[in-house]
Amino acid sequence: MSVIFEKSVAGRRGVGLPACDVPLVDCIPDDCLRAQAAPLCELSELDVVRHFTALSRLNFGVDTGFYPLGSCTMKYNPRVSERIAGLEGFSQLHPFLPQLRSGGLLTQGALQLLYELERVLCEIAGMRAFTLQPLAGAHGELTGMMLIAAYHRDKGNVKTTVLIPDEAHGTNPSSAAITGYGTQGVPTDPATGRLDLVALEGMVDATTAAIMLTNPNTLGIFNSDIEKVVEIAHRHDAQVYYDGANLNAILGKFRPGDAGIDVMHINVHKTFATPHGGGGPGAGPVGVREHLLPFLPISRIQKRSDNSYVLDYEQPKSIGYVAPFYGNFSILVRAYAYIMLLGGKGLIEVSENAVLNANYVMQALKAKYELPYDRPCMHECVFSASRQAEKGVHATDIAKALIDRGYHPPTVYFPLIVKEAMMVEPTETESKETLDAFVAAMLEIADEAEQAPESFADRPRHAPVCRPDEVRAAREMDVCFDG
Ligand SMILES: *Cc1c(COP(=O)(O)O)cnc(C)c1O
């Protein structure tokens, strides 16, 4: 496919503007004027529509097929949330509209929605307060670590190190490092797939700023020792950061705040079905316990005694701005819509079905794929392609073979502690028929790996981009391709 500029034909137009009927004014200084016309492409409307429609068909998304990309929770985004976020009263708001006085009527509803979303997140997670400002999960982690650093600074604590389990998402160590801390990995107990508590006890000391814990962890295993972890950390005035990216597995079942954790983030795209959209725009609200409240980013939404809402910027201990204005407002509207749509009972069903679907797939595949942690899982399960790898068929080859069968591959080679890892997360929005078809495809692939391992070398054969030379592609960033 050619890029849109290659389709340009000099003089072709997609719009017909009427002749200018006001006098032309020469007001742009000469040195600001272009010497030559901008190199824009010249196309008809139909050319443009066909080009982008064709491009959109090369995409794979939750709307086109099953997307079991572990850890990413690629659930269906209900259209009703999109519709609500698109309502004029939300979508046409300008961030500079006044909060109160004459224009206030236009923004009070938006502020009320944000205020109520914060309250409802507190209820779901068991936390004292949330900031809705961070723009992604990783940004929430960074914000949370900045809160922890502010807390230690305020108390005069000298802390240098953050402890992070070896199965953690890569964003955890990077958030700690950007905040200025050194990081140390805590091993996972191979027998249980949970944090090794004895090792942890030996590592925590007066220099420990925080422990970052993901629960359920990236192996899909729930850590029921969490209260013990909190107790060990607090003994040394270390804070417990809870990576809440996997909240989808525990909605209505377990509230991190009840276990005494200090800070957490929620990935609204993974939990409350807002779009993932190519790395953003997202939201990663951060919840805190009482003692961290003064450090939250500005602005804070306050409800006044006359039931009006204002943004409060007067927080002397605040870590300051982490995002402009209200955070990613339209994403937060979608999250609010989703929570209200399902209600408490619906949210419990979300986690029950997410866990049921993952266990169903795990049981159906474990005869042919190695399951390093063979125990009931939460929302995702991690296989290893080690048996297939003996024949020369690696996790990446299985992923490519799935693409030919119309599936998005699972996450491969993560978590790092599992060799040839394949992390399957079906989510709650998939039907039994879809899961059965996926299982059948995976079992067929296992048989093929056994009988004809050489047939994997040129997979996928039916995708818009077939098998690139990955080493060369990483070095020569030429994104053009034929086809
Ligand atoms: C997805 C994920 C993150 C990062 O969240 P983003 O919203 O993608 O920035 C962090 N930790 C875990 C465990 C995750 O699954």
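How much area is buried between domain 1 and domain 2, and what share of it do carbon and sulfur atoms give? In this predicted model, local features need pLDDT of at least 70 and side-chain atom pairs count only at pLDDT 80 or more, while totals for chains, interfaces and linings use all residues. Residues are numbered from 1 along each chain as its sequence is written, and side-chain values use heavy atoms, with hydrogens and water left out.

Domain 1 covers 81–340 and domain 2 covers 352–473, with bounds taken from an automatic or database domain assignment. Over C-alpha atoms, the centres of the two domains are 32 Å apart. Their contact (heavy atoms within 4.5 Å) takes 23 residues from domain 1 and 16 residues from domain 2.

As for the opening question, the buried area is about 1,500 Å², with 61% of it given by carbon and sulfur atoms; this is the accessible area (1.4 Å probe) that two parts lose on being put together, summed over both. Between the domains there is 1 salt bridge, a term for a side-chain nitrogen of Lys or Arg within 4 Å of a carboxyl oxygen of Asp or Glu. Lys253 and Glu352 form a salt bridge, with 2.5 Å between the closest N and O atoms.

Next comes the ligand, surrounded by 13 residues, where near means a heavy atom within 4 Å. The closest are Gly137, Ala138, Asp243, Asn267 and Lys270. A polar backbone atom of Gly137 is 2.7 Å from a ligand oxygen atom, and an N or O atom in the Asn267 side chain is 2.8 Å from an oxygen atom of the ligand. Asp243 places a polar side-chain atom 2.6 Å from a ligand nitrogen atom.

Terms used
A polar contact is a pair of N or O atoms within 3.5 Å; within protein, one must be able to donate a hydrogen and the other to accept it, and residues adjacent in sequence count only if both atoms are side-chain atoms.
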